[in-house]
Every structure is written in C-alpha cells, then in structure tokens.
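Here are some exercises on reading a protein model. Try each task before you read its solution.

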Amino acid sequence: MEIRSFRENDRSTVIALWEACGLTRPWNDPNSDISRKLHVQPELFFVGEVDGKVVASAMAGYDGHRGSVFYLAVSPEHQHRGFGQILMLKVEDALTAMGCPKLNIVVRSSNKQVLAFYRHLGYAVDDVVSMGKRLIPDA
C-alpha cells in the first residue's frame, strides 16, 4: 500500500470507504467533514492506495497539545493485511515530526474489534470521559 495526501478527486471514493466501514453517522455529513479538514491541516489527511485504488484513509490533527485521528478506515476486502497499522504509523510519524507528544483516539466503546486493533498497536484506555457538544449541525 502506498500512502499519499488526500486529493479532491478522492472525495466520493473516501466517503464510500467510510460508509463501507460503518464510520458515517446521520448527524455527521462526510462531505462537510472533508471540506472542513481541507481548511485545517490538510497535510494530515492521508489515503492508502493499492494498484491505484484508494483502500484506506486517516484524518489526523494536532492542536499544539494533543494529536487526534479520525476516520481511520481500511476497506473490508483489504483488512487484516497490516494496512491499518501502516497508516497509523504514518499518522504517528507525521504528528511526531510536528512535536506532538501524545495521540488521542476516540472509539465507540461497543466497537470491540477496533479497540483490540488499537491495543495491539500499543494504545491504552485513558481514565477520561469524552464529552462533546455540536456547534454546527450537519443534519
């Protein structure tokens, strides 16, 4: 898998990838999420290609205190080949190069498979509560 920066012509393919991986939610418009990301640290929006086809994505960010990653996705037919780990290493390297001391990941507590994936990569559950408030409604 080759990793590169997201390009505008990847938009529909990446959204389809997120849908195939169950990452989209009715209250989050993926088009809006992509547009927002392209205005803030677009260099931290990665896609992975196999034979010229986008099969993976990761959207990362760094606020000067902590890094984050969202929309880490590997197409179902390309899972269990190490592509998710390769993409996470790319994210970690990019954030480390920016001076990011820690990466936080938000995973739904019911998503046992993804929690196991991140544990395998050395991530641990922090003793925190994630809270949120919608500022701009998408739906």
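**Exercise 1. Classify Tyr118 and its ring neighbour Phe117 by accessibility, then classify their ring pair.**

Solution. This is a predicted model. Start with Tyr118. Its relative accessible area is 7%. Buried means under 20%, so Tyr118 is buried. Next, Phe117 has 26% relative accessibility.

Now the rings. A pair of aromatic rings is described by the distance of the centres and the angle of the planes. The ring centres of Phe117 and Tyr118 are 5.0 Å apart. Pairing requires centres within 6.5 Å. The planes of Phe117 and Tyr118 stand at 70°, so the pair is edge-to-face: the cut-off for that class is over 60 degrees.

**Exercise 2. Count the aromatic pairs and describe the one between Trp18 and Tyr71.**

Solution. The count is 5 aromatic pairs. Trp18 and Tyr71 form a stacked one. Their centres are 3.5 Å apart, with 10° between the planes. Stacked means planes under 30 degrees apart.

Trp18 belongs to helix α1, residues 11-20. Tyr71 belongs to strand β4, residues 67-74. They are 53 residues apart, and the pair links distant parts of the chain. Trp18 and Tyr71 are both buried.

Last, look for a wider group. Ring pairs join Trp18 and Tyr71 with Phe6 and Phe45 in a cluster.

**Exercise 3. Which residues of α1 are buried, and how are they arranged around the helix axis?**

Solution. List them: Arg11, Val14, Ile15, Leu17 and Trp18 are buried in α1. Now look down the axis of α1. The buried residues fall within an arc of 155°, so they line one face of the helix.

Then ask what this face packs against. The partners of the buried residues are α2 (30-37), β2 (45-50), β3 (53-62) and β4. Finally, see what follows the helix. Gly22 comes after α1, and its phi is positive, near 70°.

**Exercise 4. How many disulfides does the structure hold?**

Solution. A disulfide is a covalent bond between the sulfur atoms of two cysteines. The structure holds 0 of them. Check the accessibility of two cysteines as well. Cys21 has 23% relative accessibility and counts as partly exposed. Cys100 has a relative accessible area of 11%, so Cys100 is buried.

**Exercise 5. Count the salt bridges, then locate those of Glu49 with Arg4 and Lys102 with Asp126.**

Solution. The count is 8 salt bridges. In the bridge of Glu49 with Arg4, the closest N and O atoms are 3.0 Å apart. The pair links distant parts of the chain. Glu49 is in strand β2, while Arg4 is in strand β1 (residues 2-5), 45 residues apart. Arg4 has 14% relative accessibility, so Arg4 counts as buried.

Turn to Lys102 and Asp126. Their closest N and O atoms are 2.5 Å apart. Lys102 sits in the loop between α3 (83-97) and β5 (103-105), and Asp126 sits in the segment after α4 (112-120). The pair therefore ties together parts that are 24 residues apart in sequence. Lys102 is partly exposed at 30% relative accessible area. Asp126 is partly exposed too, at 36%.

**Exercise 6. Trace the salt-bridge network that includes Asp33, and find the other contacts of Asp33.**

Solution. The network links Asp33, Arg36, Arg134 and Asp138. Within it, Arg134 and Asp138 meet at 3.9 Å, N to O. The limit is 4 Å. Arg134 is partly exposed, with a relative accessible area of 42%.

Now focus on Asp33. Asp33 lies in helix α2. At 15% relative accessibility, Asp33 counts as buried. Leave aside its neighbours within four places in sequence. Asp33 then contacts Asn28, Met59, Tyr71 and Asp138. With Tyr71, the contact includes a polar one between side chains, at 2.4 Å.

**Exercise 7. Where is Gln41, and what does its side chain reach?**

Solution. Gln41 is in the loop between α2 and β2. Leaving aside neighbours within four places in sequence, Gln41 contacts Gly61, Tyr62 and Met98. Its side chain reaches the backbone nitrogen of Tyr62 at 2.9 Å. Compare Val55: Gln41 and Val55 are 14 residues apart in sequence and 22 Å apart in space, C-alpha to C-alpha.

Technical notes: Residues are numbered from 1 along each chain as its sequence is written. This is a predicted model: local features need pLDDT of at least 70, side-chain atom pairs count only at pLDDT 80 or more; totals for chains, interfaces and linings use all residues. Side-chain values use heavy atoms; hydrogens and water are left out. Rings of Phe, Tyr and Trp (its six-membered ring) pair if their centres lie within 6.5 Å; planes under 30 degrees apart count as stacked, over 60 as edge-to-face and the rest as tilted. Helices (H or I, at least four residues) and strands (E, at least two) are DSSP runs, numbered from the N terminus. Buried means under 20% relative accessible area, exposed over 50%, partly exposed in between (1.4 Å probe, protein chains only). The arc is that of the directions from the helix axis to the C-beta atoms. Contact means heavy atoms within 4.5 Å. A disulfide is a pair of cysteine sulfur atoms within 2.5 Å. A salt bridge is a side-chain nitrogen of Lys or Arg within 4 Å of a carboxyl oxygen of Asp or Glu. A polar contact is a pair of N or O atoms within 3.5 Å; within protein, one must be able to donate a hydrogen and the other to accept it, and residues adjacent in sequence count only if both atoms are side-chain atoms.
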